[in-house]
Amino acid sequence: MTPESADSAARTAGYLAELPDILGGDKRFIDILGRLTAMSERDYYDPYKLFEWPSSLSEDGYWMSPELMTVYGTEAGAALTDEQLRALSKWESINFYSLNVHGIRELLTQIVGRIHMPGYEVASEYFHHIIGEENDHMWFFAKFCLTYAGKLYPDRRMPFAAPGIPEADTFLLFARLLIFEELVDVFNQKMGDDERLDPTIRKINKVHHQDESRHIAFGRQIVALLHADLRRRLVPEQLAQLEAYVKRYMRASAESLCSPAAFRDAGLPEPYALRRAVLADPAFDAFAHRTLKRSLTFMTSEDIFSNGRIPPL
Ligand SMILES: [Fe+2]
Ligand SMILES: [Fe+2]
């Protein structure tokens with residue numbers, strides 16, 4: 001072990017030894033966990049009996065709200081015919097649900113790795129509910145893709161280097177999970193009530209939104225709590241590094257919704273060039289800020305971010 005990695009391991013261990021006090025010492029956090037657990041018990045449902053799964057969905061209508069498509073408002077999007085846009089709405093929605101499946105797998109892996117581990121005592125009961133609910137979500141999103149598109153898109157998200165501040169790893173993990181869930185929820189909320197969409201599409205989005213409102217409430221609490229503690233431990237330069245890292249993650253999450261594979265499956269020519277054109281369009285920057293607005297407002301109001309702008313990658 002190098003001196004640097006020994007120092008990093010010691011700082012990680014020191015931080016984890018204090019985690020029981022950071023999480024367990026906050027009465028409000030414990031109260032909220034109790035309330036969320038009671039709500040999960042009250043709203044428990046059997047996903048295997050909840051959905052109907054017709055054998056096919058009409059290819060004529062939109063599968064995703066047009067305003068949530070990555071080409072919305074862009075020059076490249078304006079050049080597409082209505083038929084092309086409708087085909088793309090199907091494949092962008094399959095990309096969106098595939099991203100959900102991969103994001104949930106990461107979330108589950110991380111939560112399973114922490115449940116009943118030292119430091120997480122106060123959250124264990126609620127973690128059981130998150131794990132159960134997320135397993136259901138992963139199942140119905142994957143089922144949708146496999147039934148109506150015959151596939152899931154593979155996970156192409158690229159991990160980027162973390163800032164190398166061992167005390168901040170736990171905060172960064174829960175910040176990433178929260179941002180993922182809030183971004184997805186913006187889509188779920190809109191598509192769950194969008195009368196232009198097939199009832200099966202509306203329902204998976206609506207059901208997911210109902211569960212996620214609890215997860216997001218949990219995520220916001222733990223992220224705010226962990227960052228408030230970090231503000232006492234870290235210097236301003238390190239806090240700025242965390243802000244830059246989380247913003248890069250946000251921008252990358254928005255960009256992952258714009259998929260060359262979805263363009264190709266929709267029959268659009270030159271899918272990689274099209275993706276570059278969409279990402280460079282000012283309308284996409286507006287799309288990223290619009291879909292991430294809730295997270296940006298939250299991060300800024302909790303002093304996690306100094307401003308609500310997410311720069312391009
Ligand atoms: Fe979920
Ligand atoms: Fe969730």
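**View 1. Ala-175 and its contacts.** Leaving aside residues up to four places away in sequence, Ala-175 touches Val-223 and Val-246; two residues are in contact if their C-beta atoms, placed from the backbone, lie within 7 Å. This is a predicted model, in which local features need pLDDT of at least 70, side-chain atom pairs count only at pLDDT 80 or more, and totals for chains, interfaces and linings use all residues. Residues are numbered from 1 along each chain as its sequence is written.

**View 2. The largest nonpolar core.** This core has 77 residues, and Phe-171, Phe-174, Ala-175 and Val-223 have the most contacts inside it. Its largest share, 13 residues, comes from helix α7 (residues 169-192). A nonpolar core joins buried Ala, Val, Leu, Ile, Met, Phe, Trp, Tyr and Cys residues through C-beta atoms within 7 Å; buried means that 20 or more other C-beta atoms lie within 10 Å of a residue's own.

**View 3. Helices α7 and α9 side by side.** α7 and helix α9 (residues 236-256) pack at an angle of about 30 degrees, with their axes 11 Å apart; axes are lines fitted to C-alpha atoms over the stretch in contact, and angles run from 0 to 180 degrees between N-to-C directions. The two helices are therefore roughly parallel (angles under 35 degrees). Among the residues that meet here are Ala-175 and Phe-180 in α7, and Val-246 and Tyr-249 in α9.

**View 4. The helices of the chain.** How many helices does the protein chain have? There are 13 helices and zero strands; helices are DSSP runs (H or I, at least four residues), as are strands (E, at least two), numbered from the N terminus.

Technical notes
Chains lettered and ligands numbered in written order. Buried ≥ 20, exposed ≤ 12 C-beta atoms within 10 Å, placed from the backbone. Parallel < 35°, antiparallel > 145°, perpendicular 65-115°, else oblique.
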